[in-house]
Amino acid sequence: MLKLLNTRSDEIDHIDKAICFNKYMSDPFYMQVFVQNNRPEQWQTMIESIYEAIERPSSSIANIRQSAIQGVQPIRARTATLGTPLASSEHPMDRIAQHLGNMGI
């Protein structure tokens with residue numbers, strides 16, 4: 001297992017994947033499941049597929065930017081983000097007057 005992981009050491013995300021893989025395989029429960037579900041001749045293939053399936057965690061800067069964008073909203077004087085104002089009248093002049101009234105004019 002270690003020989004296989006060492007062959008991938010030149011990859012940029014190897015350290016992150018190796019840490020995650022080590023946590024997975026050092027858990028006795030997961031190791032037992034792995035051994036029970038795979039024959040020894042399948043181990044190398046399964047280890048490679050597990051290693052390939054591990055995704056690199058996103059950077060903390062991206063998480064900070066995303067949470068800052070979602071968390072802070074500017075103060076708005078109008079309800080423009082709530083949708084279009086309801087103009088209930090069928091007559092065009094009444095609808096225009098209602099729109100003007102909604103705008104405060």
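Predicted model: local features only at pLDDT ≥ 70, side-chain atom pairs only at ≥ 80, totals over all residues.
Residues are numbered from 1 along each chain as its sequence is written, and side-chain values use heavy atoms, with hydrogens and water left out.

User: What pattern does the chain follow along the sequence?
Analyst: Helices (H or I, at least four residues) and strands (E, at least two) are DSSP runs, numbered from the N terminus. On that basis the chain has 6 helices and 0 strands. Read in order, that gives α-α-α-α-α-α.

User: What percentage of the chain's residues count as buried?
Analyst: Buried here means under 20% relative accessible area, exposed means over 50%, and partly exposed is in between (1.4 Å probe, protein chains only). The chain has 105 residues, and the share that counts as buried is 14%.

User: Which residues of α4 are buried, and why do they line one face?
Analyst: Helix α4 covers residues 43–53, and its buried residues are Ile-47, Ile-50 and Tyr-51. An α-helix has 3.6 residues a turn, so residues three or four places apart point the same way. Looking down the axis of α4, the buried residues line one face because they fall within an arc, taken from the directions from the helix axis to the C-beta atoms, of 100°.

User: Which helices do the buried residues of α4 pack against?
Analyst: Contact means heavy atoms within 4.5 Å. The face turned away from the buried side carries the exposed residues Thr-45 and Ala-53. The buried residues, for their part, pack against α1 (2–6), α2 (14–26) and α3 (28–37).

User: At what angle do the axes of α2 and α4 cross?
Analyst: Axes are lines fitted to C-alpha atoms, for helices over the stretch in contact, and angles run from 0 to 180 degrees between N-to-C directions. The axes of α2 and α4 come within 9 Å of each other, and they cross at roughly 120°.

User: Which residues of α4 does α2 meet?
Analyst: From the α2 side come His-14, Lys-17, Ala-18, Phe-21, Tyr-24 and Met-25. On α4 they meet Ile-47, Ile-50, Tyr-51 and Glu-52.

User: Is Lys-17 buried or exposed?
Analyst: Lys-17 sits in helix α2. Leaving out residues up to four places away in sequence, Lys-17 touches Tyr-51, Glu-52 and Ile-54. Its relative accessibility is 7%, so Lys-17 counts as buried.

User: What is the relative accessibility of His-14?
Analyst: His-14 is another residue in helix α2. Not counting residues up to four places away in sequence, it touches Leu-5, Arg-8, Ser-9 and Tyr-51. His-14 counts as buried, because its relative accessibility is 10%.

User: How many Å apart in space are Ala-53 and Lys-17?
Analyst: Ala-53 is in helix α4 and is exposed, with a relative accessible area of 56%. Ala-53 and Lys-17 are 36 residues apart in sequence, and their C-alpha to C-alpha distance is 9.3 Å.
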